[in-house]
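Thanks for coming. I have one structure to go through this morning, and I will take it from the overall fold down to single residues.

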Amino acid sequence: MAFITWKKDYEVGYAKVDEQHKELVSIINQLADAMEKGKGKDELGKVLHFLANYTVSHFKTEEDLMTAGNYPGYPAHKKIHTDLLTQVGDLVKKFDAGKSVLTVSVMTFLQDWLINHIQGEDVKLAGFLNRKV
Ligand code: FEO
């Protein structure tokens, strides 16, 4: 069973953002699956780096939409993104240094962070963007 099951409730109603969120969930699920199957450091590292890079590019997509639309919540939303990227960057650094950082509690943190963020900040952003068109 997938670690995170995508639900209709997670959709924000802005197609490009929803597609990227689904991809993020899929990558987190790939990581959870690789952990569960006891895959080695190379395989786990590949998925973890992919997740980190995809997160950077997803946040950039949203931030570009915010700046293009003069979204008033941009500074606060961007700060939340930056803080998460700092935490993910730290995780990747520790993983690359050989530390066992991929734990169930880290995966649960990522899951909770993503779902809460989608249903909080990203829903607000999508509502704003949809009102502009
Ligand atoms: Fe979808 Fe604000 O991250």
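First, the ground rules. This is a predicted model, in which local features need pLDDT of at least 70 and side-chain atom pairs count only at pLDDT 80 or more, while totals for chains, interfaces and linings use all residues. Residues are numbered from 1 along each chain as its sequence is written, and side-chain values use heavy atoms, with hydrogens and water left out.

Now the fold. The protein chain has four helices and zero strands, where helices are DSSP runs of H or I with at least four residues, strands are runs of E with at least two, and numbering starts from the N terminus. The radius of gyration is 15 Å, close to the 14 Å that the globule rule gives for 133 residues, so the chain is as compact as a globular protein of that length. That radius is taken over C-alpha atoms, and the globule rule is 2.2 Å times the number of residues to the power 0.38. Read from the N terminus, the order of elements is α-α-α-α. Along its principal axes the C-alpha trace spans about 45 × 30 × 20 Å.

Of the 133 residues, 42% count as buried. Buried here is under 20% relative accessible area, exposed is over 50%, and partly exposed is in between, with a 1.4 Å probe and protein chains only. As for contacts, meaning heavy atoms within 4.5 Å, take those with a separation of 6 or more: residues 24 or more positions apart account for 73% of them.

Next, the helices. Helix α1 covers residues 15-36, and its 22 residues reach 31 Å from first C-alpha to last, close to the 32 Å expected. The expected span is 1.5 Å times one less than the number of residues. The buried residues of α1 include V17, H21, L24, I28 and L31. An α-helix has 3.6 residues a turn, so residues three or four places apart point the same way. The buried residues of α1 pack against α2, residues 41-68, and α4, residues 104-132. Just after α1, G38 has a positive phi of about 65°.

Helix α2 has 28 residues and reaches 40 Å, close to the 40 Å expected. In α3, the 23 residues should span 33 Å, and the end C-alpha atoms are 32 Å apart, which agrees. Buried in α3 are H77, H81, L84, V88, L91, V92 and F95, and what covers them includes α2 and α4. After α3 comes G98, with a positive phi near 95°.

What lines the largest cavity? The lining consists of L24, I28, L51, T55, F59, L84, V88, L110, W113 and L114. A cavity is a set of points, on a 1 Å grid over the protein atoms alone, where a 1.4 Å probe fits but cannot get out; lining residues have an atom within 4 Å of a point. Helices α1, α2, α3 (74-96) and α4 each supply at least two lining residues. By class, the lining has nine nonpolar, one polar and no charged residues. Nonpolar covers Ala, Val, Leu, Ile, Met, Phe, Trp, Tyr, Cys and Pro, charged covers Asp, Glu, Lys and Arg, and the others, Gly among them, are polar.

One of the lining residues is W113, which lies in α4. W113 is buried, at 18% relative accessible area. Not counting residues up to four places away in sequence, W113 touches F59, I80 and L84.

Last, the loop between α2 and α3. Is N70, in that loop, buried or exposed? N70 is exposed, with a relative accessible area of 63%. Its phi is positive, near 55°, in a residue other than glycine. Most residues other than glycine have a negative phi.

Y71 lies in that loop too, and at 10% relative accessibility Y71 counts as buried. Leaving aside neighbours within four places in sequence, Y71 is in contact with M66, H77, E121, K124, L125 and F128. The C-alpha atoms of Y71 and L129, 58 residues apart along the chain, are separated by 8.2 Å.

That is what I have; questions are welcome.

Terms used. On a 1 Å grid over the protein atoms alone, a cavity is a set of points where a 1.4 Å probe fits but cannot get out, and a pocket is an open set with protein on both sides within 12 Å along at least five of seven lines; lining residues have an atom within 4 Å of a point.
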